[in-house]
Amino acid sequence: MNSGTAEHTGGPAEGDTFDAGAGGLLRQPKAVWATAGASVVAFMGIGLVDPILPSIAKGLDATAGQVSLLFTSYFLITAVAMLVTGFVSSRIGGRRTLLLGLALVVVFAGLSGTSGSVGELVGFRAGWGLGNALFVSTALAVIVGAAAGGSAAAILLYESALGLGMACGPLLGALLGDASWRYPFFGTAVLMAIGFLCITAFLKEQPKPARKTGLLDPIKALGHGGLASAAASAFFYNYTFFTVLAFTPFVLNMSPYKSGAVFFAWGLLLAVFSVLVAPRLQARFGSLKVLGGSLVLLAADVLVLGYGSHTTAVVCTILSGAFIGVNNTVYTELALGVSDAPRPVASAGYNFVRWFAAAAAPFFAPRIEGWTDIHIPFVVAAVTAVLGAVVVLVRRKSLTHDAEELETRHAAEDSVAVFAN
């Protein structure tokens, strides 16, 4: 996190994040590019099923609520696995942890394509979530540690991978899913196998930390008021995020191609705003003001999405990618820089909390619709976005506590990383 403003806004100093990060973004070692490339595919797996959710429901004779469990099982296991990732990687090393995660994704993505019932598919997605958790959390630590240009460039590169993966996932799902809902899962397995080979070829074993991470270390890290506040705010935000991602396809009720095009445009906005727009906004207004404002705008967008016409819903779905992109970048920086915990431990604790909301939203949204009507799930999502902004407002002092001291410490860590590269 680059939070060196005199006002302690939690954002970067004028020009700091963008200038330092963007300038070194493309000049990276092969190991970083291999990890980032595999990360793109890993994030593709999140939105892959979006365009084919109705097709899966039809093919497996399942309800929308049952199919939504594909997200719930995936993210529930991902959340719990966050307590294990640091424990594993600090013992077997980052490279082996990445390869283990990739291998699990290859196996369970392939098995997902063979599912004969929605129950089997939900179970295989849970195994996929375990592999993804091992890979994604470790990938961030590897990129931050190995990237040229320090943490600013690393975070931008990671968010670029996230945005590109989020954009390409629905597109791949639409292209392959138009023939059969099974093909996107097989396609992902093949792409992750390629990622496995790239990591094997280009990434050397990372040095193990001097101190092994305990299973409860991420929970203990949440004892820091700033990290706990960031995680709590992100929990509410993620409920909104995954209401859009997992429930909206049923509301739009479009063909795989059309739905894939909508979420591809959504993902492009997410990528552009996370990498190019968010750093500039942070430099000008400070991270917390940007985050609070973006959350309120996301709430308004989701509310209009729920009550507007079909065309309006499509436009608002795409537009939500801009706000989600900004939020993702700011939250990542807050999680990595607001506390004095080691970055992998802080990230694991933060992700442990926020992924529970990603599991909850796909489960509750279709059920709320069943209890009420199709509009109310979006009202709930708007409320949770506002609650995320309220946490930022109420806990702003905790979110910026000791910002200058932490900035100095992380700058020193980045200098060591740059020298090592």
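**Overall make-up**

The model is predicted. The protein has 18 helices and zero strands. It has 421 residues, of which 60% count as buried. Take the contacts between residues at least 6 apart in sequence: 86% of them join residues at least 24 apart. The accessible surface comes to about 15400 Å². Carbon and sulfur atoms hold 69% of that surface.

**Aromatic pairs and the cluster**

A pair of aromatic rings is described by the distance of the centres and the angle of the planes. The count for this protein is 16 aromatic pairs. One of them joins Trp 128 and Phe 185. Their ring centres are 6.0 Å apart and their planes stand at 75 degrees. An angle over 60 degrees counts as edge-to-face, so this pair is edge-to-face.

Trp 128 sits in helix α7 (residues 118-146). Phe 185 sits in helix α9 (residues 183-202). The pair therefore ties together parts that are 57 residues apart in sequence.

**Arginines**

Two arginines lie over aromatic rings, as tabulated here.

| Arginine | Ring | Distance to ring centre |
|---|---|---|
| Arg 91 | Phe 87 | 3.8 Å |
| Arg 125 | Trp 128 | 4.8 Å |

In the case of Arg 91, the charged end sits over the ring. Arg 125 lies over the face of Trp 128, the residue that also pairs with Phe 185.

Arg 354 is found in helix α15 (residues 343-371). Why does Arg 354 count as buried? Its relative accessibility is 13%, and buried means under 20%. Which residues does Arg 354 touch, leaving out those up to four places away in sequence? They are Ala 234, Phe 235 and Asn 238.

**A nonpolar patch**

Val 84, Leu 215, Leu 216 and Ile 219 make a nonpolar surface patch of about 310 Å². Ile 219 lies in helix α10 (residues 217-221). Its relative accessible area is 34%, so Ile 219 is partly exposed. Patch residues need over 30% relative accessible area, and Ile 219 has 34%.

Notes. Residues numbered from 1 in each chain as written. Predicted model: local features only at pLDDT ≥ 70, side-chain atom pairs only at ≥ 80, totals over all residues. Heavy atoms only, no water. Patch = residues over 30% accessible without salt bridge, like charges linked within 9 Å, V, L, I, M, F, W, Y side chains within 5 Å. Areas by Shrake-Rupley, 256 points an atom, 1.4 Å probe, with all protein chains shown as cover. Salt bridge = Lys/Arg side-chain N within 4 Å of Asp/Glu carboxyl O. Helix = DSSP H or I, 4+ residues; strand = E, 2+ residues; numbered from the N terminus. Buried < 20%, exposed > 50% of the residue type's maximum accessible area, 1.4 Å probe, protein only. Phe/Tyr/Trp six-rings, centres within 6.5 Å; stacked < 30°, edge-to-face > 60°. Lys NZ or Arg CZ within 6 Å of the ring centre and 35° of its normal. Contact = heavy atoms within 4.5 Å.
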